[in-house]
Number of protein chains: 2
Amino acid sequence: MAELRNDVFLRALMGEPVPYTPVWMMRQAGRYLPEYRATRTQAGSFLDLCKNAELACEVTLQPLERFDLDAAILFSDILTIPDAMGMGLYFSEGEGPRFAKKLENERDILDLPTVQVERDLDYVIKAVETIHNALAGRVPLIGFSGSPWTLACYMIQGGSSKDFRVIKTMMYCQPDLLEHLLDHLARAVTAYLNAQIRAGVEAVQIFDTWGGVLAHTEYRRFSLRFMQQIVAGLIRERNGRRVPVILFSKGGGLWLEAMAETGCDALGVDWTVHLGEARRRLGGRCALQGNLDPAVLYASSEVIRAEVQRVLAEFGHGNGHVFNLGHGIEQWVNPDHARMMIDAVHELSRQYHL
Amino acid sequence: MAELRNDVFLRALMGEPVPYTPVWMMRQAGRYLPEYRATRTQAGSFLDLCKNAELACEVTLQPLERFDLDAAILFSDILTIPDAMGMGLYFSEGEGPRFAKKLENERDILDLPTVQVERDLDYVIKAVETIHNALAGRVPLIGFSGSPWTLACYMIQGGSSKDFRVIKTMMYCQPDLLEHLLDHLARAVTAYLNAQIRAGVEAVQIFDTWGGVLAHTEYRRFSLRFMQQIVAGLIRERNGRRVPVILFSKGGGLWLEAMAETGCDALGVDWTVHLGEARRRLGGRCALQGNLDPAVLYASSEVIRAEVQRVLAEFGHGNGHVFNLGHGIEQWVNPDHARMMIDAVHELSRQYHL
């Protein structure tokens, strides 16, 4: 097994001293890169690309060839688990992920199969192994899944939604049924992330894309609680190293204290949060990951540099910061602008780690 | 001029003692009411209805006939100002508001006309006068406008957006140009709200629907600052009574302290906020309005009652709370469920005002 040559990302997640602030970008292997678009054309659909270990490995490594990134992230989708449950994931242009089937009643929920990761999601495990070998210790590999609440949103709504009316109606009218579904999903996510860890990922992130649409009490009951169940069930050490866990609830800036109580190592935060205030609120209980507005990458190099400086200064001196965007990089971004951001993080952050 | 017979809403906004917690609902005159749908059919388009003072008055009063509400809100749209600037507001089914024209370049922005409220928005003023006369002091009438940032979002994007890419690109690349537009809009909103106050509204609310998509520093610079400019320019007393101002930035729960510094009287908050925590953070500087998740109205009477009780208990004993939903009531809600909520607020809140 190749030794990890750059562990700055992992050490930052654990609040340990680092020489500079590590950086990666959510959706860093994506449509803004022409080489990604070329591979994607070769593969067929987005899901075909996820299911082809060699090509998934190729696109995972593409941004690392261009940029000085401190982590790689498995090329996959947050919704592989419901797809493995037979719901028929597909992507429609401009509308995002959709499911061929929806969960429409109690029977649909009770009849959901139990995912056997090694059988039903073997393509992800194979991709992790392939990427891990190809990385050969260059940087850590991040594994991930959608949160139970986020998976349930897509499974019940059938796709994205403005008001989440169907799942919220179930939440307020049949909370026990929804909790049954969320528990079923939490067990699947736990097994899935553990299989990713065994196959070689060195950190995991749970994407709670839709946690922020919930009222604060419902967030705790229907999203956070099931993420906590996952965190409690994860392999936390592998080959003598801690495997850090990052929770990212988009729009969850008001709830960081509660999120920290799950026992995770780091919290992803979006750009509505002031990192220094978040740090004070957490008092060192968790590292923070974020939080540049991805739209900054449409601006000039001067503006990008100034905004990177601002984010670094807001976090301030000391440890426990992983630089990232507050959401995925957008498809219209010029890759040179991503490089400007990454290089600025490395250069400007050294003063905060003296 | 008829004397106001129920001023509980106005007193609550000013933090004064009241016998119970007043309640109204954003979008309370709307599609969930069959009588609204009937009047709307008679009027033609949504905008035709806004522009017909008699019919706008009719729909404004409809929810008051059904429910024991403590305030009426002018029936209009948040985007009347850009429409008056010649941008051609229309509504497409399922997509929300759209503009026939977009602001695409510097010239479009510099060429925007100055709205003369009495000439270009006379239909709103006439509607206010008609409704004020028809209310005859029954409850206060609320006037409103979209915030400059929210108006600019629609004017530049041409409609709603997921990522606000065009306006954010302008914000990061041509901030001075965007500030010019926002200042122009702030002046128009100020004149517009003052005309509404002179015509009879007894409180005003600024709807900052899209403030929450901004990074925290950009929120202050591009949204809050222009709302502050408006607050500073408003008529704050009329006929010996204070005219309270409510700011509502959806998704702005992290920024309440900064919002309070504008000098407004009350802050609207969505359901992600714990009212008791918000109250502690504000230390009595502002009243709070909110914040039930509108999706609760899909549930049973028991759940509605329990959730109303929870919101009231979170705010706790004492003054400075106006009950509302955290966003507009949705078109699929059964009107009887709105009544359950309203009656529960009145009944259950008395214990908090002893």
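The legends below describe close-up views of a predicted two-chain model.

Residues are numbered from 1 along each chain as its sequence is written, while chains are lettered from A and ligands numbered from 1 in the order in which they are written. In this predicted model, local features need pLDDT of at least 70 and side-chain atom pairs count only at pLDDT 80 or more, whereas totals for chains, interfaces and linings use all residues.

**View 1. The contact between chain A and chain B.** Chain B contributes 27 residues to the contact and chain A contributes 27 residues; two residues are in contact if their C-beta atoms, placed from the backbone, lie within 7 Å. On the side of chain B that touches chain A, α10 (165-173), α12 (216-233) and α15 (301-315) of chain B each supply at least two residues. Helices (H or I, at least four residues) and strands (E, at least two) are DSSP runs, numbered from the N terminus. The most is given by α10(B), with five residues. Sorted by class, this side of chain B has 12 nonpolar, nine polar and six charged residues. Here Ala, Val, Leu, Ile, Met, Phe, Trp, Tyr, Cys and Pro count as nonpolar, Asp, Glu, Lys and Arg as charged, and the others, Gly among them, as polar.

**View 2. A:Tyr172 in helix α10 of chain A.** A:Tyr172 lies in α10 (residues 165-173) of chain A. With 22 other C-beta atoms within 10 Å, A:Tyr172 is buried; a residue is buried if 20 or more other C-beta atoms lie within 10 Å of its own, exposed if 12 or fewer, and partly exposed in between, with C-beta atoms placed from the backbone. Apart from neighbours within four places in sequence, A:Tyr172 is in contact with B:Ala295, B:Val296, B:Tyr298, B:Ala299 and B:Val303.

**View 3. B:Gly251 in a loop of chain B.** The loop between β8 (245-249) and α13 (256-260) of chain B holds B:Gly251. B:Gly251 counts as buried, with 22 C-beta neighbours inside 10 Å. Leaving aside neighbours within four places in sequence, B:Gly251 is in contact with A:Gly251, B:Gly211, B:Gly212 and B:Asp270. B:Gly251 and B:Asp270 are 19 residues apart in sequence, and their C-alpha atoms are 6.8 Å apart in space.

**View 4. Helices α15 and α16 of chain A.** The axes of α15 (residues 301-315) and α16 (residues 335-349) of chain A come within 9 Å and cross at roughly 40 degrees. Axes are lines fitted to C-alpha atoms, for helices over the stretch in contact, and angles run from 0 to 180 degrees between N-to-C directions. The two helices are therefore oblique to each other: angles under 35 degrees count as roughly parallel, over 145 as roughly antiparallel, 65 to 115 as roughly perpendicular and the rest as oblique.

**View 5. The open sheet of chain B.** Seven strands form an open sheet in the order β1-β4-β5-β8-β9-β10-β11 of chain B, with parallel pairing; two strands pair if DSSP finds at least two bridges between them. The edge strands β1 (72-73) and β11 (321-325) of chain B each pair on one side only. Within this chain, β9 (residues 266-268) and β10 (residues 287-292) run parallel and are joined by three bridges.

**View 6. A hairpin in chain A.** Strands β2 (residues 89-92) and β3 (residues 96-99) of chain A pair in the antiparallel sense over four bridges. A:Leu89 stands opposite A:Phe99 in β3(A). The hairpin has three residues between its strands, and A:Gly94 in the turn has a positive phi of about 85 degrees.
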